[in-house]
Amino acid sequence: MSKEKVDLNKALELEGSDRILTGRWAVVVLFVCLIMSGYHFYTAGFGLQVSTRTHLIFHLTMGLALVFLMYPIQKGLSQKKVPWYDLCIALIVAFVGFYIIQNQHSPSILSARPTTLDVSVGVALVLLVLEATRRVVGKPLVIIASVFIAYYFLGEHMPGAFRHVRADFDRFFYEMTYTTAGIFGTPISVSATYVFIFILFGAILESTGAGKMFIDLALRAFGRFKGGPAKAAVLASGMLGSISGSSTANAVTTGTFTIPLMKKVGFKPHVAGGIEVAASSSGQFLPPIMGAAAFLMIEYTNIPYVEIIKSAFIPAILCYVAILLMVHFEAAKNNISGLKKSELVSARKTLLQQGYLILPIFVLLYFLIKGFTVPNSAFFSIVVILVLAFFAHRFKERIGRSLLYAAVLIGFSFSLKYIISFVNQFTSRDILWRNEIPFLIVISLVIAVLFAVGQKKLKVESAPVRYGLTELINGFELAARNSLAVIVACGTAGILIGVVNLTGLSLKLSNMIISFSGNVTAMLPSFLVFDNTQLYFALILTVFACLILGLGLPTTATYVILAAMIAPALVGLGVPLLAAHLFVLYYGVLADDTPPINLPAYATAGIARAEPIRTGIQGFKFDSGALLLPFAFATNPTILLLNPDATWIDVSINIFTALIGIVAFASFIQRWLFVKYFWFERLAALVAALVLIHGHWITDLTGVTLLTLLFISQYVRGKKEGKIGTKNSKAPVVS
């Protein structure tokens, strides 16, 4: 079995499936996966041939059917074929999807007077979505959804502000199933329109061997330094995490390579696993894709994509600086060295072998910034990946035959415009054509030739992955599999958002947060009250809400829930809209790293052979270096570039003070700067981090002064104890 298949099977087991199909069942699932990925790839490039609603129904139906074919009713069964009852459920899914498509314009649906059969199908769909979510994501999200559904029906018996009178049975299932207020609302729309195509982009990029390339480059950059493999893991996981829709999948992909290296140089197994958890999860802060969060924000805020990634960029970099600092302090206090230069792969060789795989990311950014739609931009990037990966090594091996194939591809791409024009005469909806496609193919072929010539002249081997039809099929299959957690989570999140909107719960929660924080502020003596006191209490409440609501949930679902329920309260207290949404996103991701329900930690613990809870605690620890950063940009959004009056000097000062605050807080958590902190030094580091949140020149000066004094004190002690300016003598520990 190939290494990719082993990693895929491991990821499936960790995400709730130990049903590894063989024989004809494996072929059936592969066929459905290929249809699903191929369909989304086609629609991203050539537009929808059906209505938007039919597209969403088809997206959800395929996802649910795959869940019941792939995921057992409970773990531990080790099934190699689909049992009869799951086959029946998959057929029911197909019937429900077909029924809703066929009847979406029926008089009973359009008049909002569903028949008994309409309601029965609605009940079936809600139950199917919840059961699929239980199998893939786990019980926490299903429990939350069940509580919300119970609240809808029992709201008239609730006390005080929570009381409502919307408890009609037929109306509930009609809204959840046949309108955009429920399952087919914003979350599943974002999943079908944006998320899947980027999961496909990431899966195809990974199938080319790009993941290993990123790791090799990161190791070359950081591997020789103190704790180098851990720093390389942070960098590589960040690059992959931005385009990955799953923290667990990212942790498995990079952790397979990085965790053994971290253990080799001396990191304890649960620490190595925890570092990978933090690095893999936090990739969802990084533009350009932000693990699909950027596209959800577009829907919820109506803020242009370019504005979102521009604002998200600086705090994302600061967040990764925090993780790197935490890793550095961990390595320093345990005297952990890096790898020898001879153990590292040459960056020049790696770039000559596979450097072309970086180009599709720039293609993606170019088209997004130029204003093309998100699906189109991703489609163009995938086309570039495929052409480069298919032809780069073939041009080197058989230039004559490959040039012939390239000429045929170019001819077909330029003639496709006329073929589509002819076909459009017989279709009800036009197939869209993009003139950029043939030009991108030509440019990609030229770049592939240049890399092949360079490899031949400089006697560099071709890319280790010889890309062909098998790798393409694996990429399409992996994309469909990786999308399932997002699809079912978005379906269930739609139910939650539907209840929130139908009952007015969001407004009630916002009012409660504002009222509670105001009451607490009123109880304080006047000398403790300043402009942002109420906001700080509201932010603290929001943090707890994010950590509780996000336990055990995928980031996509967490963000959807928090954006609907919590972010409006922050906006009501004067936090800019984008800052409020980034605030809940940051703590939603941190919730994914919070034990005991921490799926990425179970993934990395399995690779590291460590205890999952200890690994999860370490993951939370390494991710908490930037714990205070969202407070800084919520109260002073200059580092988000949201203050139109701020000069570049103001922005630079705010970035500098945020960085100082991160250094102070990371050193407080690790109890280390150059040497181990005394208790009063650690307290001073915490005070420095806290006062730097406020964003006033007095507090900034206080924080910088405190950290400067700590720096001098620690440096002098480090010199005396011989921990600064001496060679690290600890030999690597092989585990």
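T133 is buried, with a relative accessible area of 0%. Buried here means under 20% relative accessible area, exposed means over 50%, and partly exposed is in between (1.4 Å probe, protein chains only). T133 sits in helix α6, residues 116-136. Helices here are DSSP runs (H or I, at least four residues), strands are E runs of at least two, and both are numbered from the N terminus. Not counting residues up to four places away in sequence, T133 touches G138, L141, V142, V488 and T492. Touching, or contact, means heavy atoms within 4.5 Å.

A word on the model itself. It is predicted: local features need pLDDT of at least 70, side-chain atom pairs count only at pLDDT 80 or more, and totals for chains, interfaces and linings use all residues. Residues are numbered from 1 along each chain as its sequence is written, and side-chain values use heavy atoms, with hydrogens and water left out.

Next, D86. D86 belongs to helix α4, residues 84-103. D86 is buried, at 0% relative accessible area. Leaving aside neighbours within four places in sequence, D86 is in contact with R19, F68, Y71, P72, I73 and R135.

A279 is a further buried residue, with a relative accessibility of 0%. Helix α13 holds A279. With neighbours within four places in sequence left aside, its contacts are A233, V234, S237, G238, Y320 and I323. A279 and G255 are 24 residues apart in sequence, and their C-alpha atoms lie 9.9 Å apart in space.

Now look at a helix pair. The axes of α21 (residues 469-503) and α24 (residues 555-565) come within 8 Å and cross at roughly 15°. That makes α21 roughly parallel to α24. Axes are lines fitted to C-alpha atoms, for helices over the stretch in contact, and angles run from 0 to 180 degrees between N-to-C directions. Angles under 35 degrees count as roughly parallel, over 145 as roughly antiparallel, 65 to 115 as roughly perpendicular, and the rest as oblique. The crossing of α21 past α24 is right-handed. Right-handed means that the near helix is turned clockwise from the far one by less than a right angle, and left-handed means anticlockwise.

Which residues make this contact? From α21 come V486, A489, C490, A493, L496, I497 and V500, and from α24 come T556, A557, V560, I561, A564 and M565. By class, the contact of α21 with α24 has 12 nonpolar residues, one polar and no charged. Ala, Val, Leu, Ile, Met, Phe, Trp, Tyr, Cys and Pro count as nonpolar; Asp, Glu, Lys and Arg count as charged; the others, Gly among them, are polar.

The aromatic rings come next. Rings of Phe, Tyr and Trp (its six-membered ring) pair if their centres lie within 6.5 Å; planes under 30 degrees apart count as stacked, over 60 as edge-to-face, and the rest as tilted. By this rule the count is 37 aromatic pairs. F285 and Y586 form a stacked pair, 3.8 Å centre to centre with 5° between the planes. F285 lies in the loop between α13 (269-282) and α14 (293-301) and Y586 in helix α26 (residues 577-592), so the pair ties together parts that are 301 residues apart in sequence. F285 is buried, at 3% relative accessible area. Y586 is buried too, at 6%.

Y586 also pairs with F633, this time edge-to-face: 5.5 Å centre to centre, 75° between the planes. This pair links distant parts of the chain, with Y586 in α26 and F633 in α29 (residues 629-635), 47 residues apart. F633 is buried, with a relative accessible area of 0%. Elsewhere, ring pairs link F41, Y42, F46, Y366, F367, F372, F379, F380 and F476 into a cluster.

Two loop residues deserve a check of the backbone. A112 is not a glycine, and its phi is positive, near 60°. A112 sits in the loop between α5 (107-110) and α6. A112 is partly exposed, at 29% relative accessible area. N302 is not a glycine either, and has a positive phi of about 60°. N302 lies in the loop between α14 and α15 (305-333). At 69% relative accessibility, N302 counts as exposed.

End at S713. S713 is in helix α32, residues 697-720. S713 is partly exposed, with a relative accessible area of 30%. S713 and A249 are 464 residues apart along the chain, and their C-alpha atoms are separated by 43 Å.
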